[in-house]
Amino acid sequence: MSNMYQWADYYDLTQRGVAGDVEFYLEQAKLAGGKVLDLACGTGRISIPMAQAGIDVTGIDLSQDMLARAQVKAEEQGVTSGLKLSQGDMRAFDLQESFSLIMIPFRSFLHLLHVQEQMKALTCIRKHLAPGGKFIMNVFVPKIHHFYEENEKMSLRGTYPLPSGEEVAMWDYTRYDHFQQLSEVTRIYERTDAQGVVTERVKGRFTLRYIFPAELHHLLRLNGLKVTQRYGSFAKTPFDANSSELILVAEAL
């Protein structure tokens, strides 16, 4: 079964992020006042608006397909400078420079499936932070009732119209391994024409390791980072028991 990230166009169509995340990260980049590193930058959903705002941003991603799509989008949107895209691994990168802001948006930290991988990534991040620099990330908050409702079930995540009159539906089949804190997702993109006839159906798979808030705080501390702010939404609402998202702002100890 293919890696879902090879379907960069479908990913771009269906993955809109979390409400307010682009504006939040852009504001933080402006406040940081220096170079930005976007880890797991994907198709440039956040990197490109930053470059358009005159920010010097470097985007790294494992997927060459995603980076190729990001490059096309950047050119289409008139970005001719300020954006550098390269293939790389957040667990092992050495860019020989430091950044005022390092970010991992849209829950991409959860692609690190073992504690050792998480530690390696945070070590690299700490090494690349400029004095006074900030590291910002967001993850979803694990909820027991979601585990129960979604486990081993097929769920329609959304339908997305195309200018041609076609439509793309995105389905997920999720299986949880609670011992290892893994969420194994089989994703299906189904494309239909204006008459409702299925013209393409592609299937991919990805795995996430969900993480609890207290666990994440400890991980950051162990790697020389302290949490200075945390929010329950990109509108900067307080993080509490009702929050479904956790946004952390950290600095070097």
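1. What does the accessible surface of the chain come to, and what percentage of it belongs to carbon and sulfur atoms? The accessible surface is about 12,200 Å², and carbon and sulfur atoms account for 51% of that area. Areas of this kind come from the Shrake-Rupley method with a 1.4 Å probe, and for residues only the protein chains shown count as cover.

2. The structure is a predicted model, in which local features need pLDDT of at least 70 and side-chain atom pairs count only at pLDDT 80 or more, while totals for chains, interfaces and linings use all residues. Residues are numbered from 1 along each chain as its sequence is written, and side-chain values use heavy atoms, with hydrogens and water left out.

3. On overall architecture, the chain contains seven helices and twelve strands. Helices (H or I, at least four residues) and strands (E, at least two) are DSSP runs, numbered from the N terminus. The chain has a radius of gyration of 18 Å, close to the 18 Å given by the globule rule for 253 residues, so it is as compact as a globular protein of that length. That radius is taken over C-alpha atoms, and the rule is 2.2 Å times the number of residues to the power 0.38. Along the principal axes, the C-alpha atoms fill a box of roughly 60 × 45 × 30 Å.

4. Of the 253 residues in the chain, 50% are buried. Buried means under 20% relative accessible area and exposed over 50%, with partly exposed in between (1.4 Å probe, protein chains only). Among contacts (heavy atoms within 4.5 Å) between residues at least 6 apart in sequence, 66% join residues at least 24 apart.

5. The chain carries 27 positive and 30 negative charges, and their mean positions are 6 Å apart. Lys and Arg count as positive and Asp and Glu as negative, whereas His and the chain ends are not counted. The place of a charge is taken as NZ of Lys, CZ of Arg, CG of Asp or CD of Glu.

6. An unreviewed UniProt entry places the feature "domain: Methyltransferase" at residues 36-133. Such annotations may be inferred rather than shown by experiment; UniProt positions are given in the numbering used here, and feature names are shortened. The span 36-133 is 34% helix and 26% strand, and its end C-alpha atoms lie 10 Å apart.

7. Two backbone angles deserve a reader's attention. Most residues other than glycine have a negative phi. Phe106, not a glycine, has a positive phi of about 50°; Phe106 is in the loop between β5 (99-104) and α5 (115-128) and counts as buried at 18% relative accessibility. Gln181, also not a glycine, has a positive phi of about 60°. Gln181 sits in the loop between β8 (167-177) and β9 (182-192), and its relative accessibility of 15% makes it buried.

8. Thr192 belongs to strand β9 and is buried, at 15% relative accessibility. Not counting residues up to four places away in sequence, Thr192 touches Glu166, Glu167, Val197, Val198 and Thr199.

9. Glu150 lies in helix α6 (residues 144-150) and, leaving aside neighbours within four places in sequence, is in contact with Arg157, Thr174 and Tyr176. Glu23, in helix α2 (residues 21-32), counts as exposed at 55% relative accessibility. Glu23 and Ile46 are 23 residues apart in sequence and 8.8 Å apart in space, C-alpha to C-alpha.
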